[in-house]
Amino acid sequence: MRAKSVINAAGREVPVEINGEPVIPFKGVGKHRPAGKKHAPSIPSFVDYPTDDNKVIPSLREALKRCGLRSGMTISTHHHLRDGDLISNTVFDIASGLGVKDLVWFPSASFPCNEPLIRYLEDGTINRIEGSMNGPLGRFVSEGKMKGTAVLRSHGGRVQAIQDGEVKIDIAVLVAPSADPFGNARGTGGPSPCGVLGYAKADYLYADKVIIVTDNLVEFPCFPMEIEGNYVDYVVTDNIGIPEKIVSGTTQITRSPDRLLIAEMTARFLEKSGLLKDGVAMQAGAGGTSLAIAVFIHEILKERGWRSKFGFGGSTKYMVKMLEEGQLGYILDAQAFDLDAVRSVEENSNHVPYPVFNAYNYHSKGNLTSMMDIMILGATEVDVKFNGNVVTHSDGYLLHGIGGWQNCLHARNVILPLPLFRDRIPVIVDEVTTLCGPGELIDVIITERGIAINPLRDDLLRSVEGSGLPLRSINDLKEEAEKICGKPRKALFEEDIVAAVKWVDGTVIDVIRKIKTQ
Amino acid sequence: MNKTIAVTGNAGPKVRSDCEITLQLNNGGGITIELISKVKALYGESIADLCRQIFGFYGISNADLKINDSGALPFVIAARLEAAIKKLTGTDREYLPDFIPGNSYTTTRDRFRLTRLYIPGNNPSLMINAGLHSADGIILDLEDSVAPERKDEARILVRNALRSVNFHGAERMVRINQGSPGLEDLDAVVPQNVNLILIPKCEDQENVRIADRRITDIRKRTGSANPLFLMPIIESALGVENAFEIAKASDNVVAIAIGLEDYTSDIGVQRTNEGLESLYARTRLVNTAKAASVQPIDSVFSDVADMGALESAVRISRSLGFEGMGCIHPRQIAVIKKGFAPSAEEIERAEKIVIAWEEAVKKGLSVVALGSKMIDPPVVARAQKTVDLAIRMGLLPADRIDIEESR
């Protein structure tokens, strides 16, 4: 049965209702204005809390029971412990043991370590995931096996959804590398440090009940606090993560000669266009190619005696190096990707936690990324109108979360260094399989076979005229990909929607349908 | 030759842009195709069509074909399937993929051969982007980088690559095998507009002449007249002794190269970065090359991680008179190019000398002076060569000084 749907402003067919709630179709960039007040949790009273301000209780199971864990609730977790997280799975083990059903899991991201949750999706303990789904979880959802409809949001979109009451968190289970009995917590210290705890901010402020799980209970006060104890209900001590899997020992730039070529071309573009200059503000991801670009940029800044005013992390050792050698003024940090970054947060006062809560929420009075002169992003696909996809491949399977990608599209110059094709899969296509970001926000595509500048950016086109850079039209690049790989068929889908993709303002920009099994 | 199952190509967790083909020919039952591939949704149908086309070409109506694919491009699938069919039937019919128009460019005798990137001939993933790394030449290698039991399938793959892959203007080179497999290599690749053939382990002029004659025969049959040059590689003591006759063995020889791994092994010493042990071989090679008016080319530098040591090796190589070096990794290309280019000071000095000489000629003087220094004719000749090189490398604008297109 086909649900009622409309065509949104991006030309994609989207439903009017998801998981039983009405939704607003995408209206265009900056066209939707929300009405109403922010959501708020119930008013608590100190009457109901320990008079000695000691909220430590023996087990997570006990904490969940005291929080009133019931079927149908929304449980949130953050992903700062990445693939080393032990608690998010445990929450649902406990729920299953208590016979609870139809929970909504609301992580800030999921990882391969969450694969065991498939069994709870199968048996109905979990109704749906509103958050990213990588690998096996993604396949499971793409094959239509999850009961509810998945909802994919950017990091900023998740904050917006919590703030606006689109998602009402019943219980937030927040792991913390250090916490005191009052519930203050931070991302450093202890056996499993992760650097910062920014993704937990919206959760602890807006959830009805908040549980902190820590493997490092410290004496009051736990300082500096990223989670404020007066919002916390219970504190539990337990193993929270596997340290080697939380942050990489070290992030590495790509060794692939082909990716290095793209990185080098990107650095050259930034130089020749004049975008790279003294005082530049920039942001890049932590993938191998982005890191290589960061290294090239660092060299140029050093040579010229320039300095980047500030950068926004995901922080890595390369950003830390720029900070320590004087080519970067501040690291404003949403998450730490490696041990160097964790160390730097602790030691360097110019490396500060800066949660997406404060940086990326479109329904607030600022969006940090629009201050960025240079924004380096990836994509799975880009089409001839410069629209971008980050959540599915051309085969239609869910493979990725949005991360901060949509939020970052608001930067002044958005640059996507991409291979023209990956293992015969063309990256530049006629039409993106899933629309995650509209083309008007994507400025430059840099491939190993040429650079395409969005025609909307006259100024950029002029800035690199006569530069000797290999400028080509995006159509040209698409055709070259097809010449080399062959013209691909499109993935085939059933009518059933398995996931909705939200834009930064909570409107529905696209949906993902169930894969047609051949 | 009449086994019933053939396996060709590669599959595995680290394999990219290749496929493994398992082919069984039957007496009945038609054609069945089983495809395992990440790109099944996008290209499953076109892959099956391609295979059926190939079966039709070879007159095969009954076969079980299994393809384990990791994103292989059509020319690779075709090569792997042809190799499997050849294993089972011994056919010598060639299923040739389209020859892309961009591959018809020709070469010249004296083009720069500063950097030539070796690509293992059985590794399709490295072929696809090889042309993007700005090497002067690309060597599709059928010899030492291909395992003996894979040489037949590599030959077909390289043949197809020469037709289907865009090498972006790099000189199109193939290193053939020694002996009669080498002649089979020539049969397959020469008709594909190869620009230059590398002949390994040359010890005397016969090595060159045999290849040269075969090439002439092939080109008579195909009617090709595009320039096709030879680069013998000298890798042994005897080869070093016979270097001059090797260099003069044919008009088509444009360069001679030294292979130091095999050479040092042949004379029974360890190869070092300093290279004292091969100094005689290298200087003799340069001398014979210059005497024979061909380019002397230095050996590859095998430590891919050590760019510092590579830089030093290039400096020495250039100072000995070499005009290029082989590369085994793209990241060596920029370092080698930089090393062989004349420095800004050298160019400036050379320019001054050439200008002074031209002034002297204009004034009818027979002696050239720069300041208070006298300049001998050989010095002027060397300066002219430097200026030529700088112009051709784009380090000096061409209209600054007139140059003669000699050589």
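Two strands pair if DSSP finds at least two bridges between them. In this predicted model, that rule covers W105(A), which stands opposite I129(A) in β7(A).

## The strand β6 of chain A

β6(A) and strand β7 (residues 126-129) of chain A pair in the parallel sense, and three bridges hold the pairing. On another pairing, strand β5 (residues 74-77) of chain A runs parallel to β6(A) and is joined to it by four bridges. Within that pairing, T74(A) has V104(A) of β6(A) as its bridge partner. Together with α2(A), the strands β5(A) and β6(A) make a β-α-β unit, and this unit is right-handed.

How many of the five residues of β6(A) are buried? Five of the five are, and the strand is mostly covered. The cover is on both faces. L103(A), W105(A) and P107(A) are buried on one side, while V104(A) and F106(A) are buried on the other.

The loop that leads from α2 (87-97) to β6 (103-107) of chain A contains D102(A).

Most residues other than glycine have a negative phi, and most peptide bonds are trans. Some places in the two chains depart from this pattern.

D102(A) is not a glycine, yet its phi is positive, at about 55 degrees. Is D102(A) buried, exposed or partly exposed, and what is its count of other C-beta atoms within 10 Å? A residue is buried at 20 or more such atoms and exposed at 12 or fewer. D102(A) has 15 other C-beta atoms within 10 Å, so it is partly exposed.

S134(B) also has a positive phi, near 60 degrees, and is a residue other than glycine. S134(B) sits in the loop between α3 (124-128) and β6 (137-141) of chain B. S134(B) counts as partly exposed because 15 other C-beta atoms lie within 10 Å.

Cis peptide bonds occur in chain A. One joins F220(A) and P221(A), with omega about 0 degrees. P221(A) belongs to the loop between β12 (209-214) and β13 (234-237) of chain A. Another cis bond runs from F223(A) to P224(A), and its omega is near -10 degrees. P224(A) is likewise placed in the loop between β12 and β13 of chain A.

The table sets out figures for each chain.

| Item | Chain A | Chain B |
|---|---|---|
| Secondary structure | 15 helices and 28 strands | 14 helices and 14 strands |
| C-alpha extent along the principal axes | roughly 75 × 60 × 40 Å | about 90 × 45 × 45 Å |
| Buried residues | 56% of 518 residues | 43% of 407 residues |

Does the radius of gyration of chain A agree or disagree with that of a compact globule? A compact globule of 518 residues would have a radius of gyration near 24 Å, and chain A has 23 Å, so the values agree.

## Domains of chain A

The domain assignment divides chain A into domain 1 (49-130 + 167-246) and domain 2 (257-492). Taken over C-alpha atoms, the centres of domain 1 and domain 2 of chain A are separated by 32 Å. In the contact between these domains, twelve residues of domain 1 of chain A meet 14 residues of domain 2 of chain A. The side of domain 1 of chain A that touches domain 2 of chain A consists of six nonpolar, four polar and two charged residues.

## Where chain A meets chain B

How many residues does each chain bring to the contact? Chain A brings 16 residues and chain B brings 19 residues. On the side of chain A that touches chain B, α8 (257-272) and α15 (474-485) of chain A each supply at least two residues. α8(A) gives the most to this side, with three residues. By class, the side of chain A that touches chain B has seven nonpolar, three polar and six charged residues.

Terms used. Residues are numbered from 1 along each chain as its sequence is written. Chains are lettered from A and ligands numbered from 1 in the order in which they are written. This is a predicted model: local features need pLDDT of at least 70, side-chain atom pairs count only at pLDDT 80 or more; totals for chains, interfaces and linings use all residues. A crossover is right-handed if, with the strands pointing away from the viewer, the path from the first strand over the helix to the second runs clockwise. The radius of gyration is taken over C-alpha atoms; the globule rule is 2.2 Å times the number of residues to the power 0.38. Domain bounds come from an automatic or database domain assignment. Two residues are in contact if their C-beta atoms, placed from the backbone, lie within 7 Å. Ala, Val, Leu, Ile, Met, Phe, Trp, Tyr, Cys and Pro count as nonpolar, Asp, Glu, Lys and Arg as charged, and the others, Gly among them, as polar.
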